[in-house]
Amino acid sequence: MDKFWPLLFGFVILFALGMFIIAPAMGWWLPPYVSSFGGEVDNLFYVILWVTAFFFVLTEGILIYNLWRAASRPHPGKAPFVHGNHKLELAWTLVPAVLLVLLAVVQINAWAAMKFQSRMPRPDGTTQQMIVSARQWEWRVRYPTPSEMEAWTKDPKLAEAFSRIADWPFEDVRQYDEVHVVNEVHCWKGNKVLVHLKTRDVLHSFFIPVVRIKQDAVPGKVIQVWFDSTEANTKKNPKTGHWEDGYDPKKGTWENQDRVWDLACAEYCGTRHSMMKGRFYVHETREDFLEWLAKAKQDQEQRKP
Amino acid sequence: MMTFARKLWMLLLAVLPLLAGCGGDTYPESLRYPLRTDPIINPLDLPRDEKGGTSLSVPDPPGTFPVMSMKQVREPSYPLNIVASKALDPRDIPTGERSTLQSKLEEVFGTPANPKVAVPSGWEASEVVGRAQTELKLDAETLAKGSRLYRLHCLHCHGLAGDGRGPTSFWVNPHPRDYRMGIYKFTSTALGGIIRPQRADLMRTLKTGIEGTAMPAFNVLPDDQLEAMVSYVIHLSLRGEVELRMLSGLNPQNKTVNDIDESFQTMVRAFTTQWLNAQGKILAVPDYPYSDQQLEASVKRGEAYWKEWQCYVCHKDFGREALFNYDFWGTLARPANMTNGYYRGGRRPVDLYWRVLGGIPPAGMPANDNRLGGHPKVDGKNDQIWDVVNFLQVLPYRSMREKYGIQID
């Protein structure tokens with residue numbers, strides 16, 4: 001019954017493979033991406049997945065086969081001494097090395113497009129900017145006011161000045177009439193967003209799965225993150241008067257759970273790290289976003305009970 | 001050589017952790033609210049210097065919690081040792097009386113898995129409790145939902161019985177709210193007597209969190225879940241206060257309760273009534289009388305009132321050098337730093353108005369409703385409290401201070 005071990009290994013491996021195979025059908029897979037660079041990210045993901053899957057099956061297959069063969073033969077006595085096989089060793093070093101170098105090269109452009117300072121959208125009149133301050137266990141977001149955004153379209157230098165938050169004296173970082181919102185990141189379709197990411201206490205990570213962006217928030221630093229969205233999921237619900245996500249433009253309803261997009265924390269930050277969620281709202285047009293922003297500002301300036 | 005049987009055992013052991021399952025999301029059925037054991041201290045006995053504060057410039061160290069046990073309070077070196085003789089130890093009460101009290105509390109307030117606010121129909125309190133089940137949403141179904149959500153989201157800080165002494169609480173400063181006194185800091189309720197919060201106040205705290213503390217915002221949760229959580233908090237609050245007053249009155253040092261049954265019923269009725277009566281009684285906020293052009297003058301007046309009303313005594317240097325005080329719960333808190341732009345009770349002007357006008361009684365912030373012998377001057381042209389609010393709103397921002405000539409350095 002030494003066949004027990006190869007059988008066990010074989011079963012576990014097949015089970016793991018099986019989970020991967022049925023995952024998309026069960027909804028345990030990547031959500032569809034909405035950003036302009038999401039396609040590249042996903043392509044790389046699949047390339048690496050197939051390469052590793054191939055080698056996984058190959059190596060595990062060889063292992064199980066040999067386990068089975070050894071179990072089937074009578075005990076051979078003293079183990080034979082193998083002097084190694086230079087050709088084989090060369091092969092199984094060079095092939096993965098070449099593959100890895102290829103992968104490293106192939107991903108450079110995708111990484112650069114998402115992360116390099118030089119490739120980030122310029123903070124001019126058209127790029128949306130916001131300051132996201134992560135803290136245990138929520139996301140505090142500050143938006144410039146509608147009038148400030150208007151001023152940026154007329155004088156892009158103001159937008160650029162805004163983006164230099166890291167250089168501002170500490171007490172100038174907050175502005176009198178910014179719009180403070182918690183756990184909600186709003187933008188509009190087809191426009192680039194520049195987020196200035198900060199944290200008030202420990203490491204957090206700004207992660208929007210549907211956008212395929214992840215950026216650690218490091219204490220003491222202001223880190224730029226950019227993204228965009230090619231699809232909208234938010235519209236003002238006339239029944240409630242609130243802007244709600246989950247909006248499906250084709251059906252005209254707000255019940256599509258696939259269009260409720262999360263902002264999650266991807267760097268362990270304490271007890272409620274797994275519950276440190278926000279929501280990602282993409283408005284259909286800049287005007288709709290500005291309307292929401294004006295309303296949020298109004299709510300913030302409420303003077304009546 | 002490993003026998004087949006042994007292999008099978010190993011396999012079972014490896015698989016066993018999977019059988020642990022995710023468990024339910026409710027408290028275990030057999031879990032009961034434990035009777036309070038931390039000492040009961042009258043807030044008025046807490047140490048204060050002649051100006052009403054303390055000389056502490058640092059809070060208690062991380063990993064500690066003031067007022068956990070009588071043993072702690074009796075330590076000679078402990079800061080609160082000064083109240084040791086006046087503090088009431090619940091364990092001084094005879095066991096029989098304590099278990100009677102616990103079963104009475106369970107009869108009315110249930111257990112964590114099955115919370116309720118319900119009294120037998122013969123009780124005098126049955127009418128108000130019936131009203132509370134609808135008006136304060138304290139029906140069993142809402143409370144059960146709230147209990148599950150509380151266990152998931154709130155328990156680790158606010159504790160099983162809402163004592164603010166959950167495992168995380170030792171490590172955060174300020175410490176989480178202890179619901180068992182039935183009072184809260186950031187209320188919009190009209191002044192006079194014991195101030196209970198509006199349900200809307202508790203909702204506001206849940207939705208926006210408290211910036212500058214460890215209380216996060218829960219606005220990502222749907223409204224019906226938040227309402228259930230508020231209901232459960234009110235339930236814990238009612239239970240906690242009845243327990244507190246009963247333990248206080250049964251204590252040999254302070255024996256005011258002679259008939260447990262009667263006192264218990266009276267207290268349930270009294271506190272439920274107070275909560276009910278507070279709902280809807282909002283502290284009036286006069287209309288904002290200023291235009292944009294009048295803002296500067298208003299801010300300047302607000303600055304003058306800051307000096308005239310001596311806000312700087314507690315909010316030393318605009319709050320930047322404020323010292324810690326003991327609040328009603330025996331924890332340390334300090335007057336807010338008005339220059340950092342964080343407002344714990346909410347950043348809307350109306351929230352600031354409520355804080356300045358109504359004060360924050362349990363934390364020692366006085367109400368400013370009698371500055372002019374009654375009401376702040378409101379004649380459609382000026383409002384002293386709005387002036388102060390405008391000043392406070394401008395204070396954290398250097399560009400605005402320069403614009404209006406406000407010097408803080």
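Predicted model: local features only at pLDDT ≥ 70, side-chain atom pairs only at ≥ 80, totals over all residues.
As for the fold, chain B comes out with 13 helices and 2 strands. Its C-alpha atoms take up a box of roughly 85 × 65 × 50 Å along the principal axes. Of its 409 residues, 51% count as buried, and the accessible surface comes to about 18600 Å², with 56% of that belonging to carbon and sulfur atoms. Counting contacts in chain B between residues at least 6 apart in sequence, 67% join residues at least 24 apart.

B:Ser169 counts as buried because its relative accessibility is 0%, against a cut-off of under 20%. Leaving aside residues up to four places away in sequence, B:Ser169 touches B:Phe65, B:His156, B:Cys157, B:Gly164, B:His175 and B:Pro176.

Back to charges: side chains of opposite charge can pair when their charged atoms come close. Over all chains, the structure holds 40 salt bridges. In chain A, A:Arg259 pairs with A:Glu231, with the closest N and O atoms 2.9 Å apart. These two are 28 residues apart, A:Arg259 in the loop between β10 (243-244) and β11 (261-265) and A:Glu231 in the loop between β8 (223-227) and β9 (235-236). A:Arg259 is buried at 13% relative accessibility, while A:Glu231 is partly exposed at 31%.

B:Asp25 and B:Arg148 meet in a salt bridge at 3.9 Å, N to O; the pair links the loop between α1 (4-19) and α2 (70-74) to helix α5 (residues 140-153), 123 residues apart. Both partners are partly exposed, B:Asp25 at 47% and B:Arg148 at 33%. B:Arg32 forms a salt bridge with B:Glu106, the closest N and O atoms being 2.8 Å apart. B:Arg32 lies in the loop between α1 and α2 and B:Glu106 in helix α3 (residues 95-109), so this bridge ties together parts 74 residues apart in sequence. Here, too, the side chains are partly exposed, with B:Arg32 at 42% and B:Glu106 at 22%. Shared partners also join A:Arg135, A:Glu138, A:Arg140, A:Arg200 and B:Glu211 into one salt-bridge network.

Chain A also shows a nonpolar surface patch of about 960 Å², whose members include A:Phe11, A:Phe15, A:Met19 and A:Trp28. A:Phe15 belongs to helix α1 (residues 4-26) and is partly exposed, at 49% relative accessibility.

Key:
Residues numbered from 1 in each chain as written. Chains lettered and ligands numbered in written order. Heavy atoms only, no water. Patch = residues over 30% accessible without salt bridge, like charges linked within 9 Å, V, L, I, M, F, W, Y side chains within 5 Å. Areas by Shrake-Rupley, 256 points an atom, 1.4 Å probe, with all protein chains shown as cover. Salt bridge = Lys/Arg side-chain N within 4 Å of Asp/Glu carboxyl O. Helix = DSSP H or I, 4+ residues; strand = E, 2+ residues; numbered from the N terminus. Buried < 20%, exposed > 50% of the residue type's maximum accessible area, 1.4 Å probe, protein only. Contact = heavy atoms within 4.5 Å.
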